[in-house]
Amino acid sequence: QEKDKAPTFMQGQVLTKGTYPPAYNAPAQVKLQDKEGSWLPDLFIDGSFLYYHADEEGLDLATSAAIATNNIINNVVATGNSQTLVQDYAYKPGFQVGIGARMGEWTLSGRYTWIRQTVDTDSTAAPAPDISGATGVWIPDNWFIQTTSQGQSIAGVNLSSQWKLTMDLANLMLSRAFYQGGRVSVTPSFGLMAAWIDQKLDVTTEVPTALIVNQANSTITSYNSSDSWALGPKVSVGSKCLLGYGLRLEGDLSGSLLFTKYTSVDHSENVSAANASPSTLTATYSSGYTCVRPVTEMDLGLGWGAYFGGQKYHLDLLASYDFLLFWNQNMMRKLMDSTVSGTGASPGNLNLHGLQITARFDF
């Protein structure tokens, strides 16, 4: 500083010409050459291919049992070799797009994520029971309200299902990247997250005539669905370790607390017995369901970036493996547990994990 001028302070540290105070963390975002005469900030766009595996706790479908005859009465009884049938899952493609702008040392970005998954569990015959002369059946795990002619849980000789998941996620984040060493940078972020999550589960089984004396339908289906929207704050921290030649390792951890409104959680099923009234059974939450749901996200990846065009542009490529945990999302199962059993555990979590390949262009 010049001797004839009073010292200037920044956060308690004397500011001298051409230097930073000791506590100042130098910015670490992509820095392009100034565009002469342009009033626009540095912008970037990115696009990602997703290959995610989605699964949800509480989507066990049925437990095997047997039909045994006692004094001409057919009863569903437990076996010594019981098995549990669970909904199938698979990796499915999705995508993510983003746009952002750098304003000084801060970056404002928005991203949209599209996920659609439909997975079928093929028709599966009940395993042979270890009871002589008995017939193997599946007892659906609270997916049906109706009972057998003897008042027991309905059962079928085979069972199939289809699970559909629809997710639309949006994030608006403000962040500042800074160096914590010559090769390590840290990026804290905060902002908002919105989520629209819809699910459907159809469970179909074939009921033997031994359980329903006067049948109208041997094949019955349980239709279950939930629709929700959510909005809340999100915080995130990411770190990058520069390896040289434009390569880097990076990881991110974020958490959100979302006010969630389940606009509908519904169940319906057609009835097997011919004399049943009504012929369709339904269940729902009378006035919707509101709550606060947490979301946890984590990823680890390997990236590469380089400037070109005289540092007027920057290209970045990243391959990462992601983990996303949406807490307590299986409201379909919660509704059916409450309807059939009168009580139930907390809703199961919705889990996603898989590969994300991202290309980003700064200009």
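Which residues of helix 1 (residues 331–341) are buried? In this predicted model, they are Met331, Met332, Arg333, Leu335, Met336 and Asp337. Buried here means under 20% relative accessible area, exposed means over 50%, and partly exposed lies in between, with a 1.4 Å probe and protein chains only. Helices (H or I, at least four residues) and strands (E, at least two) are DSSP runs, numbered from the N terminus.

As for ground rules, residues are numbered from 1 along each chain as its sequence is written, and side-chain values use heavy atoms, with hydrogens and water left out. Since the model is predicted, local features need pLDDT of at least 70 and side-chain atom pairs count only at pLDDT 80 or more, while totals for chains, interfaces and linings use all residues.

Strand 4 (residues 60–70) has several partners to look at, where pairing takes at least two DSSP bridges between two strands. With strand 9 (residues 135–140) it runs antiparallel, joined by six bridges, and isoleucine 67 sits opposite threonine 135 of strand 9. Strand 5 (residues 73–77) also pairs with strand 4 in the antiparallel sense, over five bridges; there, asparagine 70 has isoleucine 73 as its bridge partner. Strand 6 (residues 84–86) pairs antiparallel with strand 4 over three bridges, and alanine 62 faces leucine 85 in strand 6.

On to the cysteines: there are zero disulfides in the structure, a disulfide being a pair of cysteine sulfur atoms within 2.5 Å. Cysteine 241 counts as partly exposed because its relative accessibility is 32%, whereas cysteine 291, at 15%, counts as buried.
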